[in-house]
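Here are a few exercises to work through with the model open in your viewer. Try each task before you read its solution.

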Amino acid sequence: MRDTWEKPARLSVLRNKGGGVFEDVTIATGLAEPISTESAGWGDYDNDGKADLFVCGEYTGKTAGPRCRGRLYHNQGNDTFVNVMDKAGVTNEYWSEGCAWGDYDRDGRLGLFVSNMDGTCRLFHNEGHGAFRDAADEMGITRTQIDRPVSCWFWDFDNDGWLDVFVNDYDCSLAKTIAGYMGLKLEHLSDPHLFRNLEGTGFRDIGEDVGLVHPISARCSKTPVTDGIG
């Protein structure tokens, strides 16, 4: 994929032919439709042994349209993919900046977490048979704790056998990052968030408890590093 912020562009799918050589199979696989996106993730959500693909969409009020909505591509098993987003129930008409697949409730099926910058984060529970439902609210992992979510991933940080979720915050300039590590108190220092998995029953934000109290810049700052810190 390409970093195509609000500007739809074609994805690029490169097949490894071996010997250090790749070939572009984007058109042949059915993944050539342009999309505004900055993130995508592979995951075999139907356990058929073939990797499927979720592509985040830069869907906003001024860019609304089919080339900005997120997509879920099902691997057909014949080297082609088809978008099954609406059929699968993973419609996400927000500005999504990150996605991650993980079996967070250990039911043998991959769920999908999507971090949305301008709306509620999604935690799509895999119901089986190609269907999902949004369980973010009931699991306590919506946008309410995060200002503007961006990059995210599942990981078992405490080795208890349950996948936890890390989410970084976009609203952190380089200046604020430096200020945070200098111990300076500024308004709106956005910290990363770590959601601990409560054995499949929900999530709790423990970022502050484990020392994730320093902002981590998720973007390049166009302001001088002294702006706001001296």
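## Exercise 1: Salt bridges

How many salt bridges does the structure hold? Pick out the pair formed by Glu33 and Arg71, and work out which parts of the chain the pair ties together.

Solution. Keep in mind that this is a predicted model.

- Step 1. The count comes to twelve salt bridges.
- Step 2. In one of them, the side chains of Glu33 and Arg71 come together with an N to O distance of 3.6 Å.
- Step 3. Now place the partners: Glu33 sits in the loop between helix H1 (26-29) and strand E3 (40-43), while Arg71 belongs to strand E5 (residues 71-75), so the bridge links parts that are 38 residues apart in sequence.
- Step 4. Check the surroundings of each end. Glu33 has a relative accessible area of 39%, so this residue is partly exposed. Arg71 has 2%, and because buried means under 20%, this residue is buried.

## Exercise 2: Two further pairs and a network

Find the salt bridge between Glu138 and Arg133 and the one between Asp209 and Arg204, then classify each partner by accessibility.

Solution. 

- Step 1. Between Glu138 and Arg133, the closest N and O atoms are 2.9 Å apart.
- Step 2. Glu138 is exposed, at 52% relative accessible area, and Arg133 is partly exposed, at 33%.
- Step 3. For Asp209 and Arg204, the N to O distance between the side chains is 3.4 Å.
- Step 4. Asp209 counts as exposed with 57% relative accessibility, whereas Arg204 is partly exposed with 42%.
- Step 5. Have a look at Arg15, Glu23 and Asp79 too: salt bridges with shared partners join these residues into one network.

## Exercise 3: An arginine in a strand

Is Arg122 buried or exposed? Describe where Arg122 sits and what its side chain meets.

Solution. 

- Step 1. Arg122 is part of strand E9, which covers residues 122-128.
- Step 2. Its relative accessible area is 18%; the limit for buried is under 20%, so Arg122 is buried.
- Step 3. The side chain of Arg122 makes a polar contact of 3.0 Å with that of Asn92.
- Step 4. Leaving out residues up to four places away in sequence, Arg122 touches a set of residues that includes Thr91, Tyr94, Leu112, Phe113 and Asp134.

## Exercise 4: The nonpolar cores

Which residues have the most contacts inside the largest nonpolar core? Then say which elements give two or more residues to this core.

Solution. 

- Step 1. The largest nonpolar core has 15 residues, and the ones with the most contacts inside it are Phe113, Leu123, Ile141, Val165 and Phe203.
- Step 2. Two or more residues of this core come from each of helix H3 (136-139), strand E11 (149-155) and strand E12 (164-169).

## Exercise 5: The whole protein

How many helices and strands does the protein have, and what share of its residues count as buried?

Solution. 

- Step 1. The protein has four helices and 14 strands.
- Step 2. Of its 230 residues, 45% count as buried.
- Step 3. Consider contacts between residues at least 6 apart in sequence: 51% of them join residues at least 24 apart.
- Step 4. The protein exposes about 11400 Å², with carbon and sulfur atoms supplying 50% of this area.

Note on methods:
Residues are numbered from 1 along each chain as its sequence is written. This is a predicted model: local features need pLDDT of at least 70, side-chain atom pairs count only at pLDDT 80 or more; totals for chains, interfaces and linings use all residues. Side-chain values use heavy atoms; hydrogens and water are left out. Buried means under 20% relative accessible area, exposed over 50%, partly exposed in between (1.4 Å probe, protein chains only). A polar contact is a pair of N or O atoms within 3.5 Å; within protein, one must be able to donate a hydrogen and the other to accept it, and residues adjacent in sequence count only if both atoms are side-chain atoms. Contact means heavy atoms within 4.5 Å. A nonpolar core is a set of buried Ala, Val, Leu, Ile, Met, Phe, Trp, Tyr and Cys residues joined through side-chain atoms within 4.5 Å. A salt bridge is a side-chain nitrogen of Lys or Arg within 4 Å of a carboxyl oxygen of Asp or Glu. Accessible areas come from the Shrake-Rupley method with a 1.4 Å probe; for residues, only the protein chains shown count as cover.
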